[in-house]
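Please look at the sequence and the model shown here, and keep both in view while reading.

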Amino acid sequence: MHHKTSTPDVPPTEQEIEEAMNEIKGFVDLTPHDFLKIYQLVHTRAATKFLTPPPAPPRTGWRKWLRPLSEPAPRVPIKDIGWSWLAAVVGIGLVAGLNNALLAPPATLWLVGSFGASAVLIYGAVNSPLAQPRNLIGGHLVSAIIGVATWQLLSNHPAVAATVAVATALAAMHWTRTLHPPGGATALIAVIGGDSVHHLGFSYVLLPVLGGSLIMLAVALVFNNIVKWREYPEYWI
């Protein structure tokens with residue numbers, strides 16, 4: 001039986017390279033030392049390419065819906081859970097108090113719902129790009145302006161106004177680099193919040209939206225920096 005043997009993977013010496021170059025007809029403007037460097041680089045890259053598995057082919061069709069099972073997200077430490085809870089109690093409590101003082105109870109429920117989503121980000125996911133001050137303040141302001149303007153233009157068509165307000169707020173937040181998911185709710189509230197919100201007009205942008213955002217930001221700055229295991233913000237603008 002014939003056994004196939006492989007050539008040992010031994011790099012050539014400079015003398016062997018020079019002898020081989022002498023066998024090439026014509027002029028070769030390359031020293032054996034430079035050739036050896038090139039050989040070593042090529043050999044290293046080829047070996048790396050051989051040892052690296054090829055990338056998986058892109059999923060197409062119905063296979064896009066399938067994803068391999070993975071380990072669940074790591075559990076958050078109890079101290080972090082408790083601290084996030086306390087920060088949310090203070091932040092939402094202050095915002096709810098402000099809304100109760102300025103608006104009728106039905107509108108208050110909607111507004112607390114909008115800022116409740118912000119609380120999850122700025123008190124529970126402090127490192128997220130969506131939780132930074134630029135996104136918190138800018139996202140709510142941009143969305144509030146769009147929500148009020150949309151209602152004033154399309155108040156005769158509430159369903160259309162709600163759709164346009166949220167979609168336009170999303171696009172505007174992307175464009176201004178202030179993407180903040182609760183901003184979509186802020187725009188929607190301006191449309192479906194009822195008479196108590198509609199009567200505010202563009203003052204809705206200042207109070208309760210800007211006022212509430214600033215209160216929640218102040219609480220986030222305090223609670224996320226007075227403990228050693230947190231730091232906020234990652235950036236301001």
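The largest cavity holds about 40 Å³ of space. A cavity here is a set of points on a 1 Å grid over the protein atoms alone where a 1.4 Å probe fits but cannot get out; the points are joined across faces, edges and corners, and the volume is the space filled by probe spheres set on them. Rolling a probe the size of a water molecule over the atoms shows where empty space is left. By this rule, one cavity of 30 Å³ or more is counted. The model is predicted, so local features need pLDDT of at least 70 and side-chain atom pairs count only at pLDDT 80 or more, whereas totals for chains, interfaces and linings use all residues. Residues are numbered from 1 along each chain as its sequence is written, and side-chain values use heavy atoms, with hydrogens and water left out.

Which residues line the largest cavity? They are Val148, Trp151, Gln152, Ala190, Val197, His198, Gly201 and Tyr204, where a lining residue has an atom within 4 Å of a point. Helix H5 (133-154) and helix H8 (195-198) each supply at least two residues of this lining, and H5 gives the most, with three residues. Helices (H or I, at least four residues) and strands (E, at least two) are DSSP runs, numbered from the N terminus. By class, the lining of the largest cavity has five nonpolar, three polar and no charged residues. In this scheme Ala, Val, Leu, Ile, Met, Phe, Trp, Tyr, Cys and Pro count as nonpolar, Asp, Glu, Lys and Arg as charged, and the others, Gly among them, as polar.

The chain as a whole has nine helices and zero strands. Of its 237 residues, 33% count as buried, a term that means under 20% relative accessible area, while exposed means over 50% and partly exposed lies in between (1.4 Å probe, protein chains only). In helix H5, Ile137 counts as buried, at 16% relative accessibility. The C-alpha atom of Ile137 is separated by 9.3 Å from that of Gly183, although the two residues are 46 residues apart along the chain. Leu188 is placed in helix H7 and counts as partly exposed because its relative accessibility is 27%. Between the C-alpha atoms of Leu188 and Ile146, 42 residues apart along the chain, the separation is 9.5 Å.

Attention now turns to an open space. A pocket is an open set of points with protein on both sides within 12 Å along at least five of seven lines, and the largest pocket holds about 190 Å³ of space. Among its lining residues are Val76, Asp80, Tyr123, Trp229 and Arg230. Helix H3 (78-102) and helix H4 (105-124) each supply at least two lining residues, and H3 gives the most, with three. The lining of the largest pocket has seven nonpolar, three polar and two charged residues.

Asp80 and Arg230, both named among the residues lining the pocket, also meet through their side chains in a salt bridge (3.0 Å, N to O). Asp80 lies in helix H3 and Arg230 in the segment after H9, so the pair ties together parts that are 150 residues apart in sequence. A salt bridge is a side-chain nitrogen of Lys or Arg within 4 Å of a carboxyl oxygen of Asp or Glu. Side chains of opposite charge can pair when their charged atoms come close. Asp80 is buried, and so is Arg230. A search of the whole structure finds one salt bridge.

Trp62 is exposed because its relative accessible area is 56%.

Most residues other than glycine have a negative phi, and most peptide bonds are trans. Arg177, however, has a positive phi of about 55 degrees although it is not a glycine. Arg177 is placed in the loop between helix H6 (158-175) and helix H7 (182-192), and is exposed, with a relative accessible area of 58%. The peptide bond from Leu207 to Pro208 is cis, with omega near 20 degrees; Pro208 is in helix H9 (residues 203-223). The peptide bond from Tyr232 to Pro233 is also cis, with omega near 5 degrees, and Pro233 is in the segment after H9.
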